[in-house]
Structure formats: structure tokens, C-alpha cells
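Thanks for coming, everyone. Let me put the model on the screen, and then we'll walk through it piece by piece.

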Amino acid sequence: MQAMWDEVAALMETVPTIGGQRYVDRHRARGKMLVRERIEALIDPNTPFLELSALAAWGTQDPIGVGVVQGIGVIEGVECAITGTDMSVKGGAANPTTWKKSQRFHEIARENRLPLINLNESAGADLPRQADLFIQGGASFKALTRLSKLGIPTITAAFGPNTAGGAYTPGMSDYTIFVKDAGTAYLGGPPLVKMAIDEIVDEESLGGADMHSRTSGLSDYLAQDEMDALRIIRQIVRHLQWKKLGPGPTMPADDPLYDPMELLGCASADVRIPFDIREIYARMFDGSRFEEFKSLIGATLVCGWASIHGFPVGVIGNNGILFSEEAKKGAQFIQLCNKMSVPIVFMHNITGFMVGSKAEQGGIIRNGAKMINAVSNSEVPHFNLMVGASYGAGNYGMAGKSYDPRFIFTWPNHRIAVMGPKQLAGVMDIIARNSAAGRGIEVDEEALVAQTSALEQQIETESTALYSTGRLWDDGIIHPGDSRTVMGLALSAAHSNVVQGTSEYGVWRH
């Protein structure tokens, strides 16, 4: 597990300077701070910044992190969603993965009711990639104005160019700040203006900070420099007098009896090797307290109540495959959490629902559907912690990505797919053999073995934690020892909004 984490940590170390040292030096020579330095100076002293999707685009043609930093930080005592562009990466130009990352971040801001802070400096779209991002790109501006409609404040500070479509980021924001002699915004830069209407104009007259502050009115505040812009953001957040709508922590937040750093050795690095999910509970929950629900039935689904940093939670974790009793137990427990308006933490270590004639005759589909029905219609906040495998419909029953959890964090050993690589390749091998037999032809053993082996390797690669986080199937890979802290921060953010359950569900078979 440590070796797996070392690989992740090494990749993360490359992200702040992924654009290359030459571009970082050029940025500094212009008297500018790097995006993470801005965030560090913006948030309250000695408070954490929970960065999200730091390794987005891993394994794709886009640069890791996609030139934007996003996360949750505390400003003037208020938890805010903070996003900033990295000008060292292609001048802050957005690629298709940038839009996906931003779309997820706007979703997090909306669902958790977090004021949104944009530290903007962007060349707009990566023009050679326009065919892949233009149509969907407009959704980010729609998201901004919809946040405003919901009463969630949006604040944009222009530290550099806000070009083309990027100019609508300040245009759609509640509050705007432009840095003198640096911040600009225009739909078309001087070259485009020359081409379009044959006008020769300089950047300041076209869209400079002073012009927008004195003439167009796009700028609400003119900052003298970058630190002044950050001061103004803090001033705006202070006057918002933002209040949380959730109940907040109500339980004792004492440390677990066991060291959370031991979590590094609790789960198996190889997801095929079983472990007891209770070992993780004992190192994450306040005082290691856990009130287990239905402990004598449905043993592979471990449900119960606990608290994390004082926030009461319902917990559903796996000790392997789901049978009918586990599915029924999970569905009932989700209903109880909704009745009490208690958030649910799902800890994934599951190979799926049971298959075979005995399971089918016993109603695995009918009972599995109950759990998925409960998950689908549950209205309390859901949180995913991927501590092992998450295969097949087991991912759905455990409120996976497609079921809109508030946050999803993974451990380095995490695997996610329709099924395990060996099983999937084996299924395809059987199908190929049956197909050949049905057509009355001989199987080319050598070719089939090679095909099966290649497929197994493909699924092995496509099911890793890095592959998952690179495609934004989660909100980031975390060190197992940080799980209690990260989950506490996520729970606190979720309590910025109302936490309210439901008693309404779809029809299910009895």
C-alpha cells in the first residue's frame, strides 16, 4: 500500500509545476504568484485546503491537473469552494477535461451550498481542441448564474486575461475584482478585433482593469495588486455573513482508540485478499465507537451508527459480496438514516451481488433492487470512501458515482470495473468458445489465449485508482491515514446545506 501511495505522491508533486519550470519562471518574472500560492494567501491561517481531482486527466493527452486547482478552504471562517487557473499550463487555456473537472466542482458547490471563489487568469479555450469542448463549455457559465439564482454567492478575481468565452466568468459572477495593470477581459483580443472589424486597439483600452472599473462597469473593485485582490475577496466573504443550514457536529469528537495512520495497513493492497471493514471503522470513528445494526444477519454488509469529528453518520461497509439478506438489510438501514436525517458514509470493498441459481431463485434481483431503490431515492448526503474493490452492481447498491454522492475519495489500492479483470476475461473466453461451437468451427487456441490475456491486461489497467481519478470518476486519491480528516472536512462542507431525509421511495417487490 505504501508503494502504491508513493506512486500517487510522486505524481502529485509534479502537478504544481506541470507546465514546466520555464513557464513558472516566466510567470514569476511578471510579478505574479502561482495559483496555489494565491490560495495559500487567501484562506485563513493554519486551516486546511482540501484539493479535489488533483490528478484529473492522468493517462490522457491532457496535462495532469488540467491547468486548474479546485478545492474547499476556509475564508473568514466560511467554507468556500475555491478554484484557480494555472497560467503556467498553456496560458491557462481550458481543454475538454478542464470543463469536466469544472462541471463537477460547480456541482459540489451547488449541492453543498458553498460560496464559489474564482481566481481567474485564462486564455480561454485551447483552440486546437475546440471541437471537443465548445458545445459543452457553455455549461460552466450556466452553472455560475444558477448558483447565483440559488443564493450561493460567486466571486471572481481577474489576475490576468479573461479571454473570449472566459470573459463570461466575471460577467456571470455576483462580485468581480480586477487587478490593476494585469486583469483584462474581452470577448475578442486585439488580434481578433483587427481581423473582425479592422480596428487597432491596445489591451487596456479594449478590456483592461482600469477601463472595466471606470467605464464598462464589469469590475466592482479595482485591486492595486494581487495581495490587495485577495484582501478584497476576504472582505466580501466577511460581509456576506454566511451561515450554515445544517445542524453541525453534535457528538463528542474524541480521537479513535487506534492510530488513524494504521489505516495504511488495514486494507489489502491486493483487493482479492479479504479484510474486516471493522478494522477501518476502529481507526476512523470518534472514540472508535460503532453501534452495529443487525450484526447477526447479512454478515458481509456491516451497517451501523458512528460519528466523525463530531458529525453523526450512518455507515455501510462491505466485507465482500452482497447476498439477498445483505441487500434487504442495507435498504432498511438507508431508510432509517433518512428517517433520522443522518448522512451516510459508504465504504466500498465489494465484488458485486451474488450470482448463480441458488441466489437467483432466492430473489437476488428483487432484493438487490430494493437496496438500489433506497440508494436512488435517499436524500441525505452520501459519501463514498473506496477502500477496496467496487465491482458490478455492487457499486450501484453502494451509491457509486452515478448515484450522485456528495464526495468520492479513493485509496491507492482501489479497483473499479464491471467485474475483476480475470473474471471478465474468462467470461469473454467462454463466450468466444461457445460462439465457435455454435458455428461449428475450431477454436484458434493460440489466438484466443492471446486475446484473453490482452483483455485481462486492459481491464487491469482501466480499473486502477489512477485510471479512475484521471477520468474524474472520483474526487481524488487520498492517503489512507488521512481518511478521518478528509471525511471530516467533507462532512463539514455538506452541513453548509440542509441535511434532510425522505420517506418517499419507488415501488419495490416484497
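One term before we start: a contact here means heavy atoms within 4.5 Å. And keep in mind that this is a predicted model.

Thr 469 sits in helix H19. Is Thr 469 buried or exposed? Its relative accessibility is 1%, so it counts as buried. What does Thr 469 touch? Leaving out residues up to four places away in sequence, the contacts are Leu 55, Ala 56, Asp 474, Gly 476 and Ile 477.

Stay with H19 for a moment. Helix H19 spans 465-470, and the buried residues of helix H1 pack against it. H1 covers residues 2-14, which makes 13 residues. From first C-alpha to last, H1 reaches 19 Å, close to the 18 Å expected at 1.5 Å a residue. Which residues of H1 are buried? Trp 5, Val 8 and Leu 11. Look down the axis of H1: these buried residues fall within an arc of 120 degrees, so they line one face of the helix. On the other side of H1, Ala 3 and Glu 13 are exposed.

An α-helix has 3.6 residues a turn, so residues three or four places apart point the same way.

Now helix H18, residues 445-462. It has 18 residues. The span from first C-alpha to last is 26 Å, close to the 26 Å expected at 1.5 Å a residue. Buried in H18 are Leu 448, Thr 452, Leu 455 and Ile 459. Down the axis of H18, the buried residues stay within an arc of 65 degrees, so they line one face. Glu 446 and Val 449 are exposed, on the face of H18 turned away from its buried side. What covers the buried residues of H18? The cover includes strand E15, at 415-417, and helix H17, at 421-438.

Next, the strands. Focus on E5, residues 154-163. How many of its ten residues are buried? Nine, so to speak a mostly covered strand. E5 has several partners. Strand E4, residues 116-122, runs parallel to E5, and six bridges join them. Strand E6, residues 175-179, also pairs with E5 in the parallel sense, over four bridges. Strand E7, residues 184-186, runs parallel to E5 too, with three bridges.

Some individual bridge partners. Take Ile 155 in E5. Ile 155 is the bridge partner of Ile 117. In E6, the bridge partner of Ile 155 is Tyr 175. Further along, Asn 162 stands opposite Ala 185 in E7.

On to the rings. A pair of aromatic rings is described by the distance of the centres and the angle of the planes. How many aromatic pairs does a search of the whole structure find? It finds 13. Take Trp 99 and Phe 141. Their ring centres are 6.3 Å apart and their planes are at 80 degrees, so the pair is edge-to-face. This pair links distant parts of the chain: Trp 99 is in helix H4, residues 96-112, and Phe 141 is in helix H6, residues 139-149, 42 residues apart.

Why does Trp 99 count as buried? The cut-off is under 20% relative accessible area. Trp 99 has 18% relative accessibility, so it counts as buried. Phe 141 is buried as well, with a relative accessible area of 15%. Ring pairs also bring in Tyr 168, linking Trp 99, Phe 141 and Tyr 168 into a cluster.

A stacked case: Phe 407 and Phe 409. Their centres are 6.0 Å apart, with 10 degrees between the planes. Both Phe 407 and Phe 409 are buried.

Two arginines lie over ring faces. Arg 38 is over the face of Phe 159, at 4.3 Å from the ring centre. Arg 471 is over the face of Tyr 467, at 3.5 Å from the ring centre.

Last stop, Asn 497. This residue lies in the segment after helix H20, which spans 483-494. At 18% relative accessibility, Asn 497 counts as buried. Which residues does Asn 497 touch? Again leaving out residues up to four places away in sequence, it touches Arg 110, Glu 111, Asn 112, Arg 113, Leu 245 and Gly 246.

That's the tour. Over to you for questions.

Technical notes: Residues numbered from 1 in each chain as written. Predicted model: local features only at pLDDT ≥ 70, side-chain atom pairs only at ≥ 80, totals over all residues. Heavy atoms only, no water. Buried < 20%, exposed > 50% of the residue type's maximum accessible area, 1.4 Å probe, protein only. Helix = DSSP H or I, 4+ residues; strand = E, 2+ residues; numbered from the N terminus. Pairing = 2+ DSSP bridges. Expected span 1.5 Å × (residues − 1). Arc of directions from axis to C-beta. Phe/Tyr/Trp six-rings, centres within 6.5 Å; stacked < 30°, edge-to-face > 60°. Lys NZ or Arg CZ within 6 Å of the ring centre and 35° of its normal.
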